[in-house]
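What follows is a walk through one structure, taken sheet by sheet and then on to a helix pair and a pocket. Please keep the view open while reading.

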Amino acid sequence: MDRVSRFACVLVEHFDAAAVERCEPALRAQPLGVVNVRGDHPSAGREGAPTAKIAMIVEANAEARARGVRPGMTEAEARARCPMLVTRPLIEEYVLSARHALLEAALAVSPRIEDGGAGLVYVDTVGLERLIGDPPSIGRRLVHQARAVGLTARIGLAASRTAARVVAARASGPVTVVPEGRERAGLAGAPLATLALSPDLAATLARWGVRTLGDLAALPRAGLATRLGPAGLRAHDLALGLDHDPFRPWTPPPFWEEAQGLEWEIDSLGVLAGVLETVLERLCRRLASAALAADALEVRLGLASGGHHARDVSLAYPVVEVKPMLTLMVLDLEAHPPDAPVTRVAVSAHPIRAQAGQGGLWQPPAPAPRDLVSVLARLAALVGADNLGSPALVDSHRSDAFTMLAFSPPTEPAPLDHRPPWRSPRPDGGEHRLALRRMRPARRVDVEAAGERPTRVDARRVLAWAGPWRASGDWWDVEAWAREEWDVVLSDGALCRVARDRLTGHWYLDALYD
Amino acid sequence: MGESVAPIRGEITEIVGRPSSGRTSYLLACLSHVVGQGETAALVDAEETFDPRSAAQAGIDLRRLLWVRCGSDRGVALRAADMLVRCPGFALVALDLGERVPRLPPTLSFRLKFAVQRTDVALLIVGRRRLTGSSAALAIETLREGIEWAGPGLVPTRLARVRTRTRVLRSRREEPGESLWWTA
């Protein structure tokens, strides 16, 4: 039995212009031309003459096209036709980011998509009816997802990718559905230019009077094969709405980056923060549409000197919100500013599957990730990142061995048997532990000893003592250590731990019992 | 700590006392109670005297504790505590000022008090003497009463336990003091 296939075509017209509009939404309502500067050679015979640079329109949005602007014109000609024309240079990063954004938007609807080129994505919609609904609902979902990443798309749904693309290109509304089995009828009125045939083939068909896909589909297949060969048969299949190439599923490469070129140099952190915020907004929208968060960011600033300034900003908690990311970036750039004005900004994110922030119904509230990330960033700027975190014990005989880990409280609730009762202990003192206050670093002291027992510590008499406790470690290493610890009560009332380094003979005040 | 002398949510509590009077042990007991309930706590350590091993022995889940080391800068410690009490979600923010407690203007004390009330966090300030004056809802003083030693022979070989007593210096309700044993 043949598998029933249904495809949606997500089409974003005038894609280079749409990529610019995605970065500057205000340009959507204005006539926009995307220009590319190329060198133009003067007329032949004038060797040695300088090469002039001419700005050519490579793409125009619908507003500009309505006023007669077309790709291939010079900028001057375009402005003559449309004095209100706004131009922007062609920036490849914009187009690349927009292509990835469109693919990710489609991937949020269906796991099987094909990259059909810039501004064109095919979506396999088989099986989506149960999740989303009928074909118009699927189409509306795709429109919504594309809009969420800043792109305006038209959707065509049909039994083949070719038919879906043709109806999407010709449709006036956002969603057009070709009923099953009606592909040939749905494509009949489309002009031949829709198929993007080779110029020779298109010219031959035009001479035969073939103007539409319906005309081409009506031609006898055997005659086409005889006169035009495999190219003719292929064109006939396309006119019938049949796909010639197999579906090639697209899998997302690890590319989570947004970039922005600047029209002027920026040497103020306040102004740069505004640009960073715009870039982060686009990046966060993409992450959110794929249900991802970022746990690390890389900022790359292009400098007027020609160099780059790159910073890695790690987030203590996966977030997908602009404000805490921006706070962290600004704090980092304040501490490590670029040494030249900035001409370009690129931010890439390390994506991670976001976890639920709050645990079970009975679990106490924890700091919200957004608040925690901000306060940790500000604390790190205040005390230094190395002085902030959760302590963790190290497996060592050294009594003060520990390391600092990034603060990340567990989401599971505390085990029931771990919770200490909040009440006075029994008189035999079974429940509460005596704490130490460490001297960091341990303070060297003058000790008078009777034998090995300390009798005075920094001229204070030892009233009571217990010890020694001997410990040693790392004997195989240059950091070998050997100590003798005593608990002593001094004449000023301090109850402390003193230790003698058995390798050097020096005495130290290690800690106070408190 | 007893049921009567515990940090109050949304209020400032102060523990003061001489060295080796037990105030740090009270601090760890408060932290242990909070993180034992599955909540998160923060410790701003002005003198960097916190001992993770003592805390682990007191039953504190160190993963739920944020330790901020301030390098003996009291001003930095106060600013860090101010940031943390304004971050919703922490059940307890402890500020250990050690032996040298700075002077805090009354206006700053009130600001701290209002910030604590807004986020409903318990701010516990531990030091040699009091810091926030009338802004604290509860202030207690720790006093050492006795020491017990242990060992197999006539000469003790280890510290066994220490007995401390609390005296309520300030409270919004009648609070009796209490006496506790702390095991070394």
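Two strands pair if DSSP finds at least two bridges between them; strands (E, at least two residues) and helices (H or I, at least four) are DSSP runs, numbered from the N terminus. This is a predicted model, in which local features need pLDDT of at least 70, side-chain atom pairs count only at pLDDT 80 or more, and totals for chains, interfaces and linings use all residues. Residues are numbered from 1 along each chain as its sequence is written, chains are lettered from A and ligands numbered from 1 in the order in which they are written, and side-chain values use heavy atoms, with hydrogens and water left out.

Start with an open sheet of ten strands, ordered β14(A)-β13(A)-β3(B)-β2(B)-β4(B)-β5(B)-β1(B)-β6(B)-β7(B)-β8(B), with mixed pairing. At its edges stand β14 (402-405) of chain A and β8 (179-183) of chain B, each with a single partner strand, so one side of each has no neighbour in the sheet. Neighbouring strands are turned by 30° against each other on average, direction ignored. Within this sheet, β2 (residues 40-45) and β3 (residues 65-69) of chain B pair in the parallel sense over five bridges; V44(B) has V68(B) in β3(B) as its bridge partner.

Helix α4 (residues 106-119) of chain B lies across β1 and β5 of chain B and runs at about 125° to β1(B). Here contact means heavy atoms within 4.5 Å, and angles run from 0 to 180 degrees between N-to-C directions, with axes fitted to C-alpha atoms, for helices over the stretch in contact.

A second open sheet belongs to chain A, with seven strands in the order β15-β21-β20-β19-β18-β17-β16 and antiparallel pairing. Its edge strands are β15 (436-445) and β16 (447-450) of chain A. Strands β20 (residues 495-501) and β21 (residues 507-513) of chain A pair over five bridges, and V498(A) stands opposite L509(A) in β21(A).

Chain A also holds a helix pair: α11 (residues 269-289) and α12 (residues 322-335) pack at an angle of about 140°, with their axes 10 Å apart. The contact residues of α11(A) with α12(A) divide into twelve nonpolar, no polar and three charged. Ala, Val, Leu, Ile, Met, Phe, Trp, Tyr, Cys and Pro count as nonpolar, Asp, Glu, Lys and Arg as charged, and the others, Gly among them, as polar.

Helix α12 of chain A also supplies at least two residues to the lining of the largest pocket, as do β11 (308-319), α13 (369-383), β13 (388-393) and β14 of chain A. The lining residues divide into 18 nonpolar, four polar and four charged. A pocket is an open set of points on a 1 Å grid over the protein atoms alone, where a 1.4 Å probe fits, with protein on both sides within 12 Å along at least five of seven lines; lining residues have an atom within 4 Å of a point.
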